[in-house]
Amino acid sequence: MKVGTVLHGFQVVNAQYSDELGGTMYQMDHVSGAKLYYLDNKAENKVFSIAFRTMPEDHSGVFHILEHSVLCGSAKYPVKEPFVDLLKGSMNTFLNAMTFPDKTVFPVSSRNEKDYCNLVSVYLDAVFCPRLLIDPRIFQQEGWHIELDESGNPVYSGVVFNEMKGAMSQLGERISQGVCQNMYPDSCYCFNSGGDPEYIPSLSYDACVKTYHKYYQPSNSIIYIEGAVPLHAVLHLINPYLSLHKDYTLLPEISEQIPVAGVFSQYYELASGISDKNRVQLSYGRILGTWKDRLKCMAAEILCDILAGSNEAPLTSEILQRGLAQDVSLKINASRFQFDVTCTFHNIRDGSAEHVLACLHDTVEKICVNGIDREELIASINQMEFADRQPHEPQGIARAVQMLNSTLYGGDPLLYLEHNDLYHSIRNMLHTNEFENLLYDMFLRDIPSVHVYTIPSYTYGQEQRLREEEKLKSIQSAWTVTQLGALIESNHCLKEWQQTSDGEEEKQSIPRLHLKDIGDMPIPTQTIEHMIDDVKVLFHP
C-alpha cells in the first residue's frame, strides 16, 4: 500500500518497513479521528486490538467497571456472557480485556481467518454498542449494588467491588497505590484505576454511562491489527462502527507531573496474633523521565537488576547483612506517560528508617565512585535482551500493548517494538560513564523524591469495615417503605435475570466456527537445517 491510499474510510498516512519485525507498519487515519496501526508481517497468528485512552478522575474504578460491563452483551450479540459463548465455538489464541492506569485495551487473536473475523465483530459491537447503555442490571452486576443479607442488613456486592476488595487487601497493592498517589498528585496516575472499594459505591449508573460516552468514541481509539489478516474484510467490519458516532470530543492530553517531594504515611491491615515488630515498609521513589526516554528507561531497569536483582546484589546484600530489612525490591514503573524508580524496603527493623536510607545512599555512592562491574552489566543486558527477543506467546498481543507505550502519547509505533538499535546503544554505554551517571541521577542527585511509610495496624481493616457498615446503616435509615420495596424488587429482578438462560435466538447470534472452516490437515512446521562446527542444528522460525 502506498501513502495516500484510502480504504473503507481509512487513509494511509505513513508506512515504515521494519526488518526486525519482518514487515511494514502502516499508520491509517480514519475520518472519525480513530487511528489504526497495521503490522503486515504475514504472521499466522492474527491480532486485533482496540484501545481507548482512559484517564481516571477519581477512585471509583469507572473504567474497570466499563471494561467488564461492555463485554456483557451488545446490540448485535445480546447474550449475557459473550466470552463464555465465544469459547464454545472459537479457536482463539487470546481473548481478554485489560484496564491500565491510563488506557483500556480489548485484544483478541486467532490463527483461523474466519474465527478472527468473528472475534473482531464481537469486540467491535461490544465496545461501540454495549447493552450496558440500556440495561442498568449490567452495571449493578459488574460494578456494585446493595443487597440485604440473611439478617436484613445491607451489604455491598458486585464483581469489580469484590475483586478490588481482595486486591486492596494485599500489601503489595497498598504500597504501589500509596507511592503512585503521592508521586503523581496532579495527574490521572494518582487515582486507583481499578477502583478503591471505599469509593466504588459513589459511582452511579448515569455517571458510568456518561463516562462511557465521553471516552469510548472513535476519535479516542487506537486500533492495532497484525499478521496475515484479510485487510479489506477487517476494515469493512471496522468502518461502520467508527462512522456511527457523529459528534467527537477532543479529550485533554495527559499532562506531565512536576516532581514533588514529601514524606507520607499509610496503613495496612495486620492480622491479630502476628507481631507488629519490624513490620513497617519504606518506599523511596522519584520520577526519572517520560515515555520518550526509552534508552534511559531500559538502562535504569538494568541498574535496578545490578543493585538489587538478587540477595548477592550490592544493595540487597548490604541491607540483609546489616539486618536493616528482610528484603529489598527495586523496579522501574513504565508503561505510562512518565516513568519512575521505586525502591521498597520490606519489614524494616524498627527505628532503622534513617539507616536504611543511608545504606541506599552509601551503597550507590560507593558504586558510582568505583564504577560498575562491566561483566555484571553485560550479563544483565544479555538477560534482558533474551527476554525481549523471546516474548511470551502470543507475541502479537504483547506488541499490541507495547505499541501503546508510544502511540497513546502521539509517538512512533515502532519505538517500543524494535530492539536492535536500542541494544546497540545500550552496549555503547559500557564504554562510557553513562551507567554511573544515571545511577547517580536515580538516587543521589538533589531532585524531588517521595518517601512512603506503609505501617502495620491491627485496627485498620476493622476501621474500614466499620466505616462501610455505618455508611450502609445511614443509607438504610433514610429508606422509606417504598424505597426499601424498590430495592428488594431490583435485587429480585437482578437475580432472576442472572439465573435466566439466554434465549435460543440470542445464543445463535454468537458466531461459531464449523468443521468446514478449520480444515482437516495439521499446520506444517517449517524446519531449516544449519551446520555449525560440524553439528547439525534444526531451526524452526
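**Figure 1. Close-up of proline 259 and its contacts.** Proline 259 touches Ile287 and Pro448, residues up to four places away in sequence not being counted, where contact means heavy atoms within 4.5 Å. This is a predicted model, in which local features need pLDDT of at least 70 and side-chain atom pairs count only at pLDDT 80 or more, while totals for chains, interfaces and linings use all residues. Residues are numbered from 1 along each chain as its sequence is written, and side-chain values use heavy atoms, with hydrogens and water left out. Proline 259 lies in the loop between helix H8 (231-244) and E12; helices (H or I, at least four residues) and strands (E, at least two) are DSSP runs, numbered from the N terminus. Proline 259 counts as partly exposed because its relative accessibility is 37%, given that buried means under 20% relative accessible area, exposed over 50%, and partly exposed in between (1.4 Å probe, protein chains only). Although proline 259 and serine 449 are 190 residues apart in sequence, they are 7.3 Å apart in space, C-alpha to C-alpha.

**Figure 2. Close-up of strand E13 and its two pairings.** In strand E13 (residues 280-290), 11 of the 11 residues are buried, so E13 is largely enclosed by the rest of the structure. Two strands pair if DSSP finds at least two bridges between them, and E13 pairs with E15 in the antiparallel sense over nine bridges. Within this pairing, serine 283 has threonine 344 of E15 as its bridge partner, and isoleucine 287 has aspartate 340 of E15. Five bridges also join E13 to strand E16 (residues 450-457), and these two strands run antiparallel; here glutamine 281 is bridged to threonine 454 of E16.

Figure 3. Strand E15 (residues 338-348) is largely enclosed by the rest of the structure, because 10 of its 11 residues are buried. Strand E14 (residues 327-333) pairs with E15 in the antiparallel sense over seven bridges, and the bridge partner of valine 328 in E15 is phenylalanine 345. The hairpin of E14 and E15 has four residues between the strands, and in this hairpin serine 335 takes a positive phi near 60°. In a regular strand the side chains alternate between the two faces of the sheet.

**Figure 4. Close-up of helix H10 and its surroundings.** In helix H10 (residues 314-321), Leu315, Thr316, Ser317 and Ile319 are buried. The buried residues of H10 pack against H9, E14, E15 and helix H11 (353-370). After H10 comes glycine 323, whose phi is positive, near 65°.

Figure 5. Tyr205, Cys208, Val209, Thr211, Tyr212 and Tyr215 are the buried residues of helix H7 (residues 205-215). These residues are on the same side of H7, because they cover an arc of only 160° around the axis, the arc being that of the directions from the helix axis to the C-beta atoms. On the other side of H7, Asp206 and Lys210 are exposed. The buried residues of H7 pack against strand E5 (46-53), helix H1 (62-69), helix H3 (113-128) and helix H4 (136-142).

Figure 6. The largest pocket holds about 1,400 Å³ of space. A pocket is an open set of points, on a 1 Å grid over the protein atoms alone, where a 1.4 Å probe fits, with protein on both sides within 12 Å along at least five of seven lines; lining residues have an atom within 4 Å of a point. A volume is the space filled by probe spheres set on the points, which are joined across faces, edges and corners. The largest pocket is lined by 43 residues, of which Asp388, Pro391, Gln395, Arg399 and Gln402 lie nearest its centre. The elements that give two or more residues to this lining are helix H9 (294-308), helix H12 (374-389) and helix H13 (395-402), and the largest share, six residues, comes from H13.

**Figure 7. Close-up of the second largest pocket.** The second largest pocket has a volume of about 780 Å³. Of the 32 residues that line the second largest pocket, Arg174, Asp196, Glu198, Tyr460 and Gln464 are the closest to its centre. H17 gives the most to this lining, with seven residues.
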